[in-house]
Amino acid sequence: MNKYLILSEEVRAGMAKGLPIVALESTIISHGMPYPQNVAMAREVEQIIRDNGAVPATIAIVAGKIKIGLSDEELEMFGSSKGIAKVSRRDLADVIASQKLGATTVATTMIAAQLAGIKFFVTGGLGGVHRGWEHNLDISADLDELAQTGVAVICAGAKSILDLPATLEYLETKGVPVIGYQTQNLPAFFTRDSGLPLALSSDDLAHIAAMIKIKWELGLNGGIVVANPIPEQDALAPDYINGIIESAVKEAEEKGIKGKDITPFLLGKIVEISGGKSLEANIKLVKNNAKIGATLAVQYFNQQ
């Protein structure tokens, strides 16, 4: 085991029993949602994973170590504290060396999961190619991580604040399979359908699990995106949420917000403009991803 990793007792016991472990990021807690909804969501998502036969492992940086599985007190700390570093691949070594508190993004959660031998990771939505990328090349490290790190990511597509066609094209160029679960089009986070067709889709989690297993057995490096749409009853109307996103993006441009600060700003502004409707949708889609992700992990391990 890597000397920079610490496993929680629950994760250690689950591994000893041969149970599937499902990773969870901590940036969604520290930077993606307001307190106390963020902590309540984190606890509920962990319980959904347990209820569906797997072991949750929320990942974060604490006191110079990568913690694989957080205690209830640590979930509270990451949800309620200010100034927690948002840690992507470029920041990981520095945050560990500095012994700062760090919340893991999709990219660093994948890195930590692979170090710990965890193959499945549930999140809300991927980072991707930002709007206006042709002027500043603002592309999330999540995409390159998917090209090189062998973890399956269950998500509601990419965040709809992004340039979704460019994000999907980038993933295709990198050879990352994006398979729609019960959808033939890429989900768009708050909405079920971006209108962008996917090359791969399946209504059968056993088939998706088999595909993932074969991919890695063939030595095809990198991750897989399992795109799971937000439940129909929880989705927001496309015209409604897209109008709000356009307004938030315009304000970010006017204020010169960019880089790692752009996503938290946009998500927070969208919550504000929508009167909390986007936050409710975000929580619902993460819970749905947790159920599907845990079930998929169990299917995968049943094929071993």
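Strand E3 (residues 55-62) is largely enclosed by the rest of the structure, because eight of its eight residues are buried (under 20% relative accessible area, with a 1.4 Å probe and protein chains only). Strands (E, at least two residues) and helices (H or I, at least four) are DSSP runs, numbered from the N terminus. This is a predicted model, where local features need pLDDT of at least 70, side-chain atom pairs count only at pLDDT 80 or more, and totals for chains, interfaces and linings use all residues. Residues are numbered from 1 along each chain as its sequence is written, and side-chain values use heavy atoms, leaving out hydrogens and water.

**Inside strand E3**
- In a regular strand, side chains alternate between the two faces of the sheet.
- Val55, Ala57, Ile59 and Ile61 point one way from E3, while Pro56, Thr58, Ala60 and Val62 point the other way.

**Partners of E3** (strands pair if DSSP finds at least two bridges between them)
- Strand E2 (residues 21-24) runs parallel to E3 and is joined to it by four bridges, with Ile21 partnering Val55.
- Strand E4 (residues 65-68) runs antiparallel to E3, also with four bridges, and Ile59 has Ile68 as its bridge partner.
- Two residues lie between the strands in the hairpin of E3 and E4, where Ala63 takes a positive phi near 50°.
- Strand E6 (residues 102-104) pairs with E3 in the antiparallel sense over two bridges, and Gly102 stands opposite Ile61.

Terms used. Buried means under 20% relative accessible area, exposed over 50%, partly exposed in between (1.4 Å probe, protein chains only).
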